[in-house]
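Morning, everyone. I have one model to walk through today, so please bring it up on your screens.

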Amino acid sequence: MFTGIIEELGEVTAVENLGDSSRFCLRGPVVTQGARHGDSIAVNGVCLTVVEHEDDWFTADVMAETLERSSLGALTVGSCVNLERPMAVGERLGGHIVQGHVDGTGRVIERKPSENWEIVKVSLPADLTRYVVEKGSITVDGISLTVVDAGPDYFTVSLIPTTLYLTTLGRKQPGDPVNLEVDVIAKYVERLLGTQGAAGAPGAAK
């Protein structure tokens with residue numbers, strides 16, 4: 001489990017095509033501290049498994065489904081990525097519960113800079129709209145953010161200077177893809193309410 005608080009901005013240093021998958025080599029001196037084979041590291045919000053590692057880099061295999069369903073397939077050598085290690089038991093939950101399981105992708109629609117922050121508008125797939133609410137949480141490229149405005153096919157977030165400087169959202173331009181993970185609690189609530197509704201409906205079997 002992750003919290004959406006990015007630890008460092010890493011870089012893709014190599015991409016190896018393995019046919020039905022790809023192997024990424026990523027530089028990240030912070031997240032590789034104490035890393036072991038089999039550990040999890042979130043890369044732009046996607047939970048990946050460490051295969052090999054050295055002082056400041058690690059490799060991870062990415063299956064074809066992940067490449068197709070996330071923005072990782074668009075990464076090339078030199079691409080910047082958000083990196084985060086799993087939360088350790090007993091640490092503060094600075095963001096919100098993030099699983100590292102991408103629900104879909106959106107694209108940056110526009111950026112509106114202000115003096116001390118920036119509003120970023122992101123497109124939202126139709127099947128995720130019901131999970132996004134104003135002042136709720138959403139994960140964008142692995143970053144835990146608060147929704148400012150929730151529209152029918154978009155949402156906006158307000159980025160402080162720290163987020164702009166230390167994450168990929170400071171570099172994303174209109175048209176660029178981003179990984180989206182909605183609040184898992186919303187999905188569980190929907191499932192529970194849906195089940196209860198069906199069980200309590202007139203004529204429903206009990």
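**Salt bridges and a charged patch**

Start at Arg130, which is exposed, with 53% relative accessible area. Terms first: buried means under 20% relative accessible area, exposed means over 50%, and partly exposed is in between, with a 1.4 Å probe and protein chains only. The areas themselves come from the Shrake-Rupley method with a 1.4 Å probe; for residues, only the protein chains shown count as cover.

Now the ground rules. This is a predicted model, where local features need pLDDT of at least 70 and side-chain atom pairs count only at pLDDT 80 or more, while totals for chains, interfaces and linings use all residues. Residues are numbered from 1 along each chain as its sequence is written, and side-chain values use heavy atoms, with hydrogens and water left out.

Back to Arg130. Its place is the loop between β8 (118-123) and β9 (137-140). Helices (H or I, at least four residues) and strands (E, at least two) are DSSP runs, numbered from the N terminus. Val182 is 52 residues away along the chain, yet the two C-alpha atoms are separated by 9.8 Å.

What does the side chain of Arg130 meet in a salt bridge? The partner is Glu190, at 2.4 Å, N to O. Arg130 sits in the β8-β9 loop and Glu190 in helix α3, so the pair ties together parts that are 60 residues apart in sequence. Glu190 is partly exposed, at 32%.

How many salt bridges does the structure hold? Eight. The criterion is a side-chain nitrogen of Lys or Arg within 4 Å of a carboxyl oxygen of Asp or Glu.

Next pair: Lys187 and Asp103, with the closest N and O atoms 2.9 Å apart. Lys187 belongs to helix α3 (residues 184-200), and Asp103 to the loop between β6 (80-84) and β7 (104-113), so this bridge ties together parts that are 84 residues apart in sequence. Both ends are partly exposed: Lys187 at 25%, Asp103 at 21%.

Another one joins Asp141 and Lys172, at 3.5 Å, N to O. Asp141 is in the loop between β9 and β10 (143-150), Lys172 in the loop between α2 (161-166) and β12 (177-182), and they are 31 residues apart. Buried or exposed, this Asp141? Buried, at 0% relative accessibility. Lys172 is buried too, with 15%.

Now the surface. Glu52, Glu54, Asp55 and Asp56 gather there in a patch of negative charge. Patches take residues with over 30% relative accessible area and no salt bridge; like charges are joined within 9 Å, nonpolar side chains (Val, Leu, Ile, Met, Phe, Trp, Tyr) within 5 Å. Lys and Arg count as positive, Asp and Glu as negative; His and the chain ends are not counted. Each charge is placed at NZ of Lys, CZ of Arg, CG of Asp or CD of Glu. Asp56 lies in the loop between β4 (46-53) and β5 (57-63). At 32%, Asp56 is partly exposed.

Last, the record. UniProt, in an unreviewed entry, puts "domain: Lumazine-binding" at residues 1-96 and 97-193. Its positions are in the numbering used here, feature names are shortened, and annotations may be inferred rather than shown by experiment. In the model, residues 1-96 are 6% helix and 43% strand, with end C-alpha atoms 10 Å apart. Residues 97-193 are 16% helix and 41% strand, with end C-alpha atoms 21 Å apart.
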